[in-house]
Amino acid sequence: MDLQKHTEPRVTEARAPEAGASELRASDADRDRVADLLREALAEGRLTPDEHAERVEGVLSAKTVGELEVFVRDLPAGHQSYRPHATRGYTPAPNRPTPGAIPMDPDENVVAVFSSAVRKGRWRAGRRMHAYAVFGSVEIDLSEAIFEYQQVVIKVISVFGNVEIRVPENVSLRGSGGGVLGNFEVSTLDSGEPDAPVVYVDGLAILGNVEAKPKRGKMIEDILDRVSRKVDRNLRKHLDR
């Protein structure tokens with residue numbers, strides 16, 4: 001009888017390596033942070049205006065975090081561990097605006113009395129907007145708007161009327177209000193990006209309807225505008241020296 005033990009090699013299932021942080025898709029906030037680092041490098045004289053402009057152009061076309069790291073690898077910031085915000089500690093947007101950040105007077109009024117009023121397309125959102133729908137309809141579409149401020153307040157009064165508010169998917173949305181024999185509905189939304197705008201909807205629906213929610217498939221598209229403004233400012237500062 002053969003008492004010799006034959007051991008066969010254990011077959012282990014091969015697993016695909018997990019994607020590293022450098023392979024993650026870059027967000028607009030990631031590109032904006034790298035653009036800020038390049039701006040600081042330009043101000044410190046580490047980059048020439050031509051080098052800065054070339055790198056910013058590359059940042060805007062980068063698809064992954066690894067591609068972004070290339071543009072700051074030879075800078076002091078490149079020796080710090082760079083990771084997208086999704087891997088960092090996340091603090092949700094507050095339920096109310098920062099005290100003193102929003103003026104009492106509105107930047108714009110949207111009024112519909114026995115009529116309709118629409119605000120949509122490529123427009124600049126102010127810090128405060130008032131919307132009134134009295135036997136009328138108001139539509140406020142922020143999905144293609146340019147956010148110049150991080151906090152935006154929309155004060156809404158609907159009396160026998162209807163107010164619809166749409167925001168991009170990558171902003172935060174908060175609501176505080178109520179309805180009197182009416183409907184006041186705000187779909188809470190968290191962006192996950194530290195510098196994303198926060199839209200606060202406040203008000204009252206009396207025998208009317210107020211609804212605020214994200215517009216699916218729409219993202220903030222002003223990253224090019226924001227980076228371009230930063231580049232222009234710093235180029236001018238550099239040339240004025």
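Let's start at strand β5. This strand covers residues 137-141, and Asp 141 lies in it. Keep in mind that we are looking at a predicted model. Is Asp 141 buried or exposed? Asp 141 is buried, with a relative accessible area of 3%. Its side chain has a partner. Asp 141 and Lys 215 are joined, side chain to side chain, by a polar contact of 2.9 Å.

Now to the salt bridges. How many does the structure hold? Eleven. I'll take a few of them in turn.

Helix α1 first. This helix runs over residues 28-43. Asp 30 pairs with Arg 33 in a salt bridge, and the closest N and O atoms are 2.5 Å apart. Why is the spacing in sequence worth a look? Asp 30 and Arg 33 are three residues apart in the helix, so about one helical turn separates them. Both ends count as buried. Asp 30 has 2% relative accessibility. Arg 33 has 15%, and the cut-off for buried is under 20%.

Next, a pair with Asp 74. The side chains of Asp 74 and Arg 55 meet in a salt bridge, 2.9 Å from N to O. This pair links distant parts of the chain. Asp 74 sits in the loop between α3 (65-70) and β1 (108-113), while Arg 55 is in helix α2, and the two are 19 residues apart. Asp 74 is exposed, at a relative accessible area of 53%. Arg 55 counts as buried, at 17% relative accessibility.

Stay with helix α2 for a moment. The helix spans residues 49-61, and Glu 51 is found there. Glu 51 is partly exposed, with 35% relative accessible area. Which residues form a negative surface patch? Asp 50, Glu 51, Glu 54 and Glu 57.

On to the loop between β10 and β11. Two residues here deserve a stop. Asp 190 forms a salt bridge with Arg 174, and the closest N and O atoms are 2.5 Å apart. Asp 190 is in this loop and Arg 174 is in strand β9, residues 172-180, so the pair ties together parts that are 16 residues apart in sequence. Asp 190 counts as partly exposed, at 39% relative accessibility. Arg 174 counts as buried, at 6%. One further point on salt bridges: Glu 164, Arg 166 and Glu 211 are joined into one network by salt bridges that share partners.

The second residue is Thr 188. Thr 188 has its place in the loop between β10 (183-186) and β11 (198-206). Thr 188 is exposed, with a relative accessible area of 57%. Where is Gly 175 relative to Thr 188? The two are 13 residues apart in sequence and 7.1 Å apart in space, C-alpha to C-alpha.

Last, the nonpolar surface. A nonpolar patch of about 940 Å² is made by a group of residues, including Val 111, Val 113, Phe 114, Tyr 132 and Phe 135. Phe 160, Val 180, Leu 181, Ile 206 and Leu 207 are also in the patch. Take Leu 207. Leu 207 has its place in the loop between β11 and β12, the latter being residues 209-214. Leu 207 counts as partly exposed, at 37% relative accessibility.

That's my tour. Questions, please.

Definitions and conventions: Residues numbered from 1 in each chain as written. Predicted model: local features only at pLDDT ≥ 70, side-chain atom pairs only at ≥ 80, totals over all residues. Heavy atoms only, no water. Patch = residues over 30% accessible without salt bridge, like charges linked within 9 Å, V, L, I, M, F, W, Y side chains within 5 Å. Areas by Shrake-Rupley, 256 points an atom, 1.4 Å probe, with all protein chains shown as cover. Salt bridge = Lys/Arg side-chain N within 4 Å of Asp/Glu carboxyl O. Lys, Arg positive; Asp, Glu negative; His and termini not counted. Charge placed at Lys NZ, Arg CZ, Asp CG, Glu CD. Helix = DSSP H or I, 4+ residues; strand = E, 2+ residues; numbered from the N terminus. Buried < 20%, exposed > 50% of the residue type's maximum accessible area, 1.4 Å probe, protein only. Polar contact = N/O pair within 3.5 Å; in protein donor to acceptor, adjacent residues only side chain to side chain.
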